[in-house]
Amino acid sequence: MDWMASLHGLAGGVLIGLSATWLMATLGRIAGISGIVGNLITQRRPKGDSAWRVAFLLGLISGSLVIMALGGGLGNVAGNPGGVIGAPAGGVGLMLVAGLLVGVGTGLGSGCTSGHGVCGLARLAPRSMAATGMFLLTALVTVYISRHLLGLGGGA
């Protein structure tokens, strides 16, 4: 087991939890990325409500850039220390289709994994419990189909 990777994951989870708690405690807002971005784009927000949204998004992006600047690299793939996270496995076309499907699912589900899985579960919201259960079930089915039925991803 790669203990350093586990500690990095733990630290990342703690930081996500702290940022979600801080946002809720200080502004009364849920740290769901789809809502933050969606309301920034569609203008469905009170006047003067853009600054915290832009700061939150810049923080998401700049955190990765700071780690890379400090020599942390792009991150590695578990079981393949030379592999890099972010290389599209199925090509750009498949990535575009997948991104569009994620966007449609976010709209249908009234939120994304960060909003429902992190913030909604913490608030014991029944809708978030149902949504997160569906996220997990869909992920399990997708992995099973892609690896065992289609032979993709090296796990056939």
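**Ground rules.** I number residues from 1 along each chain as its sequence is written. For this predicted model I need pLDDT of at least 70 for local features and 80 or more for side-chain atom pairs, while totals for chains, interfaces and linings use all residues, and side-chain values use heavy atoms, with hydrogens and water left out.

**Entry 1, the crossing.** I looked up H5 (residues 113-122) and H6 (residues 126-149), whose axes come within 9 Å and cross at roughly 130 degrees. That makes H5 oblique to H6 (angles under 35 degrees count as roughly parallel, over 145 as roughly antiparallel, 65 to 115 as roughly perpendicular and the rest as oblique). Helices here are DSSP runs of H or I with at least four residues, numbered from the N terminus. The axes are lines fitted to C-alpha atoms over the stretch in contact, and angles run from 0 to 180 degrees between N-to-C directions.

I listed the contact (heavy atoms within 4.5 Å): H5 brings Thr113, His116, Gly117, Gly120 and Leu121, and H6 brings Arg127, Ser128, Met129, Ala131, Thr132 and Phe135.

Is threonine 132 buried or exposed? I found it buried at 12% relative accessibility (buried means under 20% relative accessible area, exposed over 50%, partly exposed in between, with a 1.4 Å probe and protein chains only). Threonine 132 sits in helix H6 and touches His116, Gly117 and Leu121, leaving aside residues up to four places away in sequence.

I then checked the loop between H5 and H6, where leucine 124 lies. Leucine 124 has a phi near 60 degrees, a positive value in a residue other than glycine. Leucine 124 is exposed, at a relative accessible area of 60%.

How values were computed: Helices (H or I, at least four residues) and strands (E, at least two) are DSSP runs, numbered from the N terminus.
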